[in-house]
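Please open the structure in your viewer and keep the selection tool at hand. The tour below goes from stop to stop, saying what to select and what is there.

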Amino acid sequence: MQVTAKNSADMRLGSLEELEKLRSELLAAEDPDQTKIIVCHGTGCVANDSPSVTKALKAALAAAGEDIKVMPGIKTTGCHGFCSRGPLVIIKPSNIFYQQVKPGDVEEIVQKTILTGETVDRLLYVHPQTGETLKTTEEIPFYSGQERVVLSNIGQIDPTDIEDAFKAGAYAGMAKALTNMEPGQVIEEVTKSGLRGRGGAGFPTGLKWSLAAKHQGGQKYVLCNADEGDPGAFMDRSVMEGDPHAVVEGMIIGGYAIGADTGYVYVRAEYPLAIKHLVKALDDARAHGLLGENILGSGFNFDIRINRGAGAFVCGEETALMRSVEGKVGEPVPRPPYPSDKGLFGKPSVLNNVETWANVSRILDKGADWFASLGTEKSKGTKVFALVGKVNNVGLVEVPMGISLRNIVMEIGGGVPGSDHFKAVQTGGPSGGCLPWEDADLPVDFDSLIAAGSMMGSGGMIVMDERDCMVDVAKYFLGFLEEESCGKCFPCRLGVPRLRETLNRFSKGQGTLEDIDDLYSLAEAIKAGSLCALGGTAPNAVLSTLRYFRGEYEAHILEHRCPAGVCKDLITYSIDPEVCTGCRACSRACPQGAITGEKKKPHTIEESLCIRCGMCMESCKFGAIQVI
Amino acid sequence: MAQQAIDIDIDEIIERYPGRPEFLIFLLQDIQAAFNYVSSEALTLVCDHTGVPESQAYSVATFYNSFSLEPKGENLIQVCLGTACHLKGSGLIAENLMRNLGLDQPGTTDDLKYTVETVNCLGACALAPVAVVNGDYQPKVSSPKLMKTAQKLGTE
Amino acid sequence: MANDCKIGVFLCECGRRIAPLVDIDQLKEKLEADPLISYVGVEPFSCLAPGMAGLKKAIADNGLDRVVVAGCESRVMLHKFERELADSGLEAGQIDMVNLRGHVAQVSDLSPEEKAAKGFKLIKALAAGLETLALTAHEKVEFKGPAMILGGGIATYSAAQELSRRGIECIVAVATDEWEDEIRMLHEHYPGERHYYDRLEAIMKDVDASPLVRRITVGELASMTGRTGDYHVTFSDPMGGPPRIYEVGAVIAALDGQMLNQGSDFGHDGRNVICHTEAEELLWTLGPPEGKVVFWLNDYEAGHPEYSYLSCRAAWSMARYIRERSPLTQVTMLHHHQMAIPLSAGERAASRKLGIKWIPYDGALRPTVQAGFVTYCDPESHVEHELPWDKLVLSPRRSVGQEATKVAHILGLEHQEGAFLEERKQRVRPEQVGRQEAFLAGSARYPCDLHESLRQGRRAAAKTAEMISKAQAGELYAPRMVCVVDQSKCIGCGLCKEICDCGGIEPVEGPGGNIPRHVDPMVCTGGGTCAAACPYHALTIQNNTSDQREARVSTLAQTLDPDEVMAFGCAWGGLAAADNAGVKGMAYDPRLYMLQVSCIGQLDPSVLARAFLDGANSLLLIGCPPEDCHHSFGLDHTWSRVNLMKKLLGLCGFDRRRIALAHADLNRPEDYIRTVNSFIKSMAELGPIERTPENREKLAGLYATVNNPRVRWVLGATLRRPWEDVYPGNQRNALAFDRDMMGVVSEEFIRARVANLLKEQARPFQLRELAAALHEDEKPLMDSLREMVGEGVVGRMHKDGVAHYVMR
Amino acid sequence: MLSLTIDGKKVEAEAGWSLLDTARQHGIDIPTLCYHEAVEPFGACRLCVVELKQGNNSRLVASCVYPAEEGLEVFTSSEKVNSVRRWILEMLLSECPASREIREMAGQYGVNTTRFEVKDPEEQCILCGLCVRACAQVVGANAISTVGRGAQKEIGSPYLVPGEDCVACGTCVTVCPTGAMGARFERVRGVPSVIMARPGK
């Protein structure tokens, strides 16, 4: 802080040297043995009320006042990834990892850990399998199993403080590119790194850039796709919340490489915090001369604007996104012409997603060879996954390409609650598919996932257990896509609802095996005929579940039962008289008055009245109500 | 949400952006945020300003989920239907809430007190099932919990 | 005359939709053999990239400057051809289309050869029309002088602000130079909107500060003349000096409506039972009243439920104002139970917090006012209640107001006595009219709140500014096909202006003195019924003249077989219906040959007469449905013209049924087909007109008669005027008038024939010879001859005692 | 001049021609619904899909928008293509059963019945958007547009009431491939024109 105080009048950095000078000054100004208390302020932890924890901390420290030799600094950071354990508090430098911290625990933390250096054991993480208590992040498999490239700074830096980002090396790659490299070399470097688009399709980024770059001169654009629509995926949000500078830096590099002077970030309006941090990052970058005219004296001009999405999943598709930026209806347009030739406002444009841009800044900083050394032959680098669903460690994980599903879910994810295996892992969001336990050792990379009938997608990884019905899951994704289809091209607009109709019949125990064959044929027609990727991949959910869980389909159709006990029309609720205490909670909750019984005596459900709303189950404190 | 400002000057909003078609969505978003819906008067103003034909503006306003052409209720309850939440029964929760408020589909109650919306993944999957009530996250909600919250708001 | 023009014809095969059905090769041969046509090309699809390339090449190689595309609907495709062929040097008017697919190929079971023959006749007719085309230059529109905003409405300021924002100079003509006064009086027009006044003040200051705005204080508006870009506006001088005249390029009228008080039937007394304006005044001067205030939103009872929205908004904002400042005052809103309460969720909450009560009453029972109480019936319980009040506030009566009416009248905006000035956009294609937007702003247009009238001001200004900037860039052109006046022929009778309400015809000083008219090409929509009515053929639609239509008609008439029927369809009705019948492939009598007009009203009687003269035996005119004319009463006027034709056919001794007017809805092709089939059937029963010398002579007389100014004058008198609200125009003592008209027509018919004969033979005639030659009695002939001699048209000489007559 | 083969027939094309242009120029018919010569191609109905073969991998593209390229191998009615067309037509049969045009076209592909439930027996509209594009690009009136999204999408004027902008020229009715616009016309056509406010009328 004090460092910049003197030249705060003009913080503009005129050259690479000035940037590096500032960086070293900032690092030098740090007190090595000062304790730092890091509180996670990612959306997950905030929803779990981490701000009050921070508040309590400040108060407690102030109260403890003179007893403390070196006053610890409190840093609020972006998401640490371990969302299911939030709010998270980490004590640096010793990296003590406290989880599910309540404001009430703060006093103790200050008294013990800060003053006397001992740990508060009840706040530590306990290994679900081994049961041992783990003290630091390094010891926790959730972290130790990861390879953090994109996420490296997230949870370490204060995303609203650019100087903190400088300390972590932000804008080094960009400075290198702008001052020591020709645009052509930059593209070469990215190509050499083997980086592929993290948005889903995995198109080689370097190639994409060179296509746009070949148009000599004229107006061009770079865009960042931050319209993270896939349900169950929130990597991009965390990156923007936790390290917005990585994205900004990447886009500047991209702009320089293809010769664009304007960038657009199209970010989902549902991510207010991400937008806030992005805006702050852009302002700070401008103030430091990292955006605007003649960046770092390179003569390169570039600035970035933010567009908030207006709530249309299809705008994740690049042509639709560009129409939306133009203020039009977000309907995809046929390609060719490709965006690299005629994109935004009809000008050559390059669109990458958040994670890709973040990778770019790392690549330019650490070099293509370093990046290429990670991952597999065809899929270089790492991938961030949002690990959610029926898994112990719900959160964000970043792993090298090619590591197995088993490793991610069972090791890093800490396994499936109450089971030694998962039933299925759904990747790739609505465009992806479900992979069975048999594929647990499948290496996770672009090509093998596609071969297995799913896809990488933007990195959602939803773990499912035996209580999840595959027919229902497929139905869910089709329902989602039916909602979100733009309705322009016929195969998607007409076909997806028809697929869902068929599945509906199945989940009612109707339908025939012939329907399954029709399903295949229609699905193929939709894949082949649709205008954009949304339609083109829509049938994956059905196809993959059919491929791996056909038995479950047949159970619905032939035996009229839902093995997972999900499909409303094939299940009945009943009360276990052994367990029921007759507390009346359920009968009060039941909107149909279907539950009767005397006080303190086991109740019963009148099936003809039951609408299977599950209210009774939710209201029963004794777990007396089960689904058959 | 409950306390929406009621004297916002729409012209001030209009003048935030240059009169070019690409700002249509920006304007609609700001108006939606300020008045929690886009009135036909507002739409006309936006068209005048941006030069977008009314039919196209209407098309845009109806294409995107985040715009509503009718006034929304005083209390906005959003239930997340992301995959993680779905697996944990958020579908039922939404249904139950709507039945409880006398809605047969997401929308606004006749007395303009509540608006129930289902939203795609809010990215808080760790807290599934999630609902957002007037902007505040409600982690790990259940039907009874959510209904209680709603009732409380109604009596304010 | 562009007789040396080179006409090319392009035949579309349109996949299998034309080619096999029509014998294209034979059609090509026929056309190539025709001297009128210099080139014939055949394309699989003229409209697609490959075909278009073919057209361009042929046009370049053969130096074509006129093109007929024989393909599909000109209503849909012509635009594309004009766009694509522009760089081949062809302009609108030089390209014409025959709907070979929809009018020939798809709609009958004729043999390919027969269809080819039909196509040939239609194509040749259009070619003849193109040959007659005298292309006029594009007219560039310029703006002499700044824009002027007058009328004194509050929209003045938003308009001025918008204009200066867009860098357009403007003059603001107002009655007072103190805008504070304006605000002080504003509640007379816009009560309950004080919360908005600050913004208004800001706008006014902004305008004051702008160097582009010139503010003048004027007296009453005296007159305005001129056309888009060049107006003369005259005001009386407020100081009683000589009138002041301003030359301006554009005019924006800002006119506010008036709020009137309710009558005593609502108990209005101006003290305790008051209306919004008075209430606002009260709040303004004395502040919020004590006790019980009831706002009765009585718009339903006052006969204008549609205004309840405005009244309710105004009442709500006053109610808020009162409660926020005087918490002890009780405020109640009494409203019709069907009235939708126009409050947002937030406002409802606020209203609850402020404790403002909203009480609905059963609309079936009119609430009654007593001293201190309003009695109303509860819509739920149907129990009667009494609502006590200390102040009862009623909704205002909204009217356009005298002030606005006066100005509107001078500007020619008034279109109905006492009604608001709101008028709708013209229903023609944007490219057909140079100036789309109304230039009127304010609540005199239609009742609206302050915000809306300011918006209107901005919009009017924006549209005006767009035009001016375009003109300044030298890119503003008037549409190609609009009316022009031949100054040498116009005597300024004003008939055109009287019957045509498209407004294109420029006003002149005073009540239509003999000053030649002008047409404002930016306003004329090219309907042309005015041109068809001009007694002296002084008005024409440039690039789409009656001569062209006559040429088409004449050519077609000469090629038609006796049993074939000529027809005209207007682009909005008959033609469109025919197109849609073609699209649906509905079959109908193939003996119909339809020519296209953009409005049935542009058919001059001379065109109709020409058809019969040159060989047509019958003529069917198909316009758009009654009261649906997109121009100015085209159908109504044609009705009168057809009646004239029927009279004359009668005089010639032909069946009056040979010409008929019909109308068709473009969306009901089946009706159109019924019309066509029935007409052709009845014509077939009549059989053809024998082309004897005697009949020829009569038809020539007929043709001459419809071109006779006196006849056209009388006809003009029968045409429907804009203020007449029935189709096809009021008939005042119908028979008497018809007798007079018949008298005139038959007189002129005879004179015309006499003149024709004497001219032709160019020798002296005796009365007897004349009578014999014309097959008429001597008596009427004698009368006509005497007049003609008197007028000096005909000379009389005596050869051996017998009077001989000769043309002078 | 580019040279490519369509259904095994060697044909020539200019740069900038679409595959559909090229095919039609050489007398090869490709079915279309959302395509009309008067407006820009849209690529929505996917009935005009054709199969492109490069070596042993093949893909479907919409011929109305895909540009002719040197050496392309195009198949306009391969099994893959026809299967897509048949499915679309079968779904259209259930979507807009009232349209004679659709029934005829489906018939040509041997689709006479549909396995799907019929939502509205009166429906004719296939949402090809031709009316909307014609209104904007041919007439310039911009009176109608698509309303809503996806399965809920419909065509209409703002707020689905007859609009001020409609000039009732009927171009939309004429270009409509299914007669749906005719049925809808009364709900969008503007009211008869009253004279417009203007000086000197």
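At what angle do helix H19 and helix H21 of chain C pack, and how far apart are their axes? Before selecting them, note that this is a predicted model, in which local features need pLDDT of at least 70 and side-chain atom pairs count only at pLDDT 80 or more, while totals for chains, interfaces and linings use all residues. Residues are numbered from 1 along each chain as its sequence is written, and chains are lettered from A and ligands numbered from 1 in the order in which they are written.

**First stop: two helices of chain C**

Select residues 634–652 of chain C for H19 and residues 693–706 of chain C for H21; the two pack at an angle of about 150 degrees, with their axes 10 Å apart. Helices here are DSSP runs (H or I, at least four residues) and strands are runs of E of at least two, both numbered from the N terminus. Axes are lines fitted to C-alpha atoms, for helices over the stretch in contact, and angles run from 0 to 180 degrees between N-to-C directions. H19(C) and H21(C) are therefore roughly antiparallel to each other, a term for angles over 145 degrees, just as those under 35 count as roughly parallel, 65 to 115 as roughly perpendicular and the rest as oblique. Now show C:Leu644, C:Leu648 and C:Cys652 of H19(C) together with C:Lys698, C:Leu699, C:Leu702, C:Thr705 and C:Val706 of H21(C), which make the contact (two residues are in contact if their C-beta atoms, placed from the backbone, lie within 7 Å). By class, these residues divide into six nonpolar, one polar and one charged, where Ala, Val, Leu, Ile, Met, Phe, Trp, Tyr, Cys and Pro count as nonpolar, Asp, Glu, Lys and Arg as charged, and the others, Gly among them, as polar.

**Second stop: where chain C meets chain D**

The contact takes 50 residues from chain C and 36 residues from chain D. On the side of chain D that touches chain C, H5(D) gives the most, with four residues, and by class that side has 17 nonpolar, eleven polar and eight charged residues.

Select H8 (residues 172–180) and H12 (residues 244–258) of chain A, which pack at an angle of about 15 degrees with their axes 9 Å apart. That angle makes H8(A) roughly parallel to H12(A). At this contact A:Gly173, A:Met174, A:Ala177 and A:Leu178 in H8(A) meet A:Glu249, A:Ile252, A:Ile253 and A:Tyr256 in H12(A).

Next select H10 (residues 205–213) of chain A, in which A:Thr205, A:Gly206, A:Lys208, A:Trp209, A:Ala212 and A:Ala213 are buried (a residue is buried if 20 or more other C-beta atoms, placed from the backbone, lie within 10 Å of its own, exposed if 12 or fewer, and partly exposed in between). Look down the axis of H10(A): its buried residues fall within an arc of 160 degrees, so they line one face of the helix, the arc being that of the directions from the helix axis to the C-beta atoms. What covers them includes H9 (183–193), H12, strand E10 (349–353) and H15 (354–366) of chain A.

**Last stop: chain B**

Finally, select chain B, which has seven helices and five strands. Buried residues make up 56% of its 156 residues.
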